[in-house]
Amino acid sequence: MSPDVALLQVNAAVNRQATSCPRDSCLDHWPEVADLPRLDYWDCKAYAVAKADRLIRQYGYAPGRLEYLLIAGAPLRVTHAALLVDGRWVLDLGLRCQVCTLERFVAGVEVTGRLPVSDLPMLMRALRSDP
């Protein structure tokens, strides 16, 4: 089974949308959708947020179908984020794949986190209010 055409279109369009970070990481935090146009560079977190937003707003995907996926391990120097759709398809920048299965994406690395897209705003609010 191949990925939905919407996933391929969103991934390609968002990957061309911004200037990629010239280092391994540019943002210390997960950006909010409203912040994306003001950023000089996007790192993997920003691309994942933009892809989730586009799938929800333009294609009607339910947020419950989307998760942020974090992986770590050689040859990666830092934890990397991508968007996971329906627990099966990963949308990425092309470091490991463009649009591929979860099994292919995580081969040889460790999954260090999975966060439902709908939980990120609540998590960000909690972190901002933390003393």
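# Notebook: charged pairs and cysteines

Entry 1. I began with D43, which forms a salt bridge with K45. Their closest N and O atoms are 2.7 Å apart. Is D43 buried or exposed? I looked it up: D43 is buried, at 3% relative accessibility. K45 is buried too, with a relative accessible area of 14%. The cut-off for buried is under 20%, so 14% for K45 passes.

**Entry 2. What I am looking at.** I noted that this is a predicted model. I checked the confidence next. The chain has a mean pLDDT of 90. I also noted that 92% of its residues reach 70 or more. Which element has the lowest mean pLDDT? I found helix 4, residues 120-129, with a mean of 69. Strand 3, residues 89-91, has the highest, at 97. I wrote a reminder to myself: where pLDDT is low, the predicted coordinates should not be read in detail.

Entry 3. The side chains of R38 and D35 meet in a salt bridge, at 2.8 Å from N to O. R38 counts as exposed, at 61% relative accessibility. D35 counts as partly exposed, at 27%.

Then I turned to E67 and R114. Their side chains also meet in a salt bridge, with 2.8 Å from N to O. Where do the two residues lie? E67 is in strand 1, residues 66-72, and R114 is in strand 5, residues 110-116. The pair therefore ties together parts that are 47 residues apart in sequence. E67 counts as buried, at 17%. R114 is partly exposed, with a relative accessible area of 45%.

**Entry 4. A lysine without a partner.** I looked up K51 in helix 2, which covers residues 44-59. K51 is buried, yet it has no salt bridge. Which side chain of opposite charge is nearest to K51? I found D92, 5.6 Å away. I listed what K51 touches, leaving out residues up to four places away in sequence. Among them are V10, N11, V14 and N15. L83, L91, D92 and L93 are on the list too.

**Entry 5. The cysteines.** I searched the whole structure for disulfides and found two. C21 and C26 form one, with their sulfur atoms 1.9 Å apart. This link is right-handed, with 95° about the S-S bond. Both C21 and C26 are buried.

C97 is joined to C100 by a disulfide, at 2.1 Å from S to S. Is the disulfide of C97 and C100 left-handed or right-handed? The torsion about its S-S bond is about -65°, so the disulfide is left-handed. C97 and C100 are both buried.

I then wrote down the pattern. Counting bonded cysteines along the chain, it reads 1-2, 3-4. What about C44? C44 is in no disulfide. The nearest cysteine sulfur is that of C21, 8.6 Å away. C44 is buried, with a relative accessible area of 11%.

Conventions. Residues numbered from 1 in each chain as written. Predicted model: local features only at pLDDT ≥ 70, side-chain atom pairs only at ≥ 80, totals over all residues. Heavy atoms only, no water. Salt bridge = Lys/Arg side-chain N within 4 Å of Asp/Glu carboxyl O. Buried < 20%, exposed > 50% of the residue type's maximum accessible area, 1.4 Å probe, protein only. Helix = DSSP H or I, 4+ residues; strand = E, 2+ residues; numbered from the N terminus. Lys, Arg positive; Asp, Glu negative; His and termini not counted. Contact = heavy atoms within 4.5 Å. pLDDT = per-residue confidence, 0-100. Disulfide = S-S within 2.5 Å.
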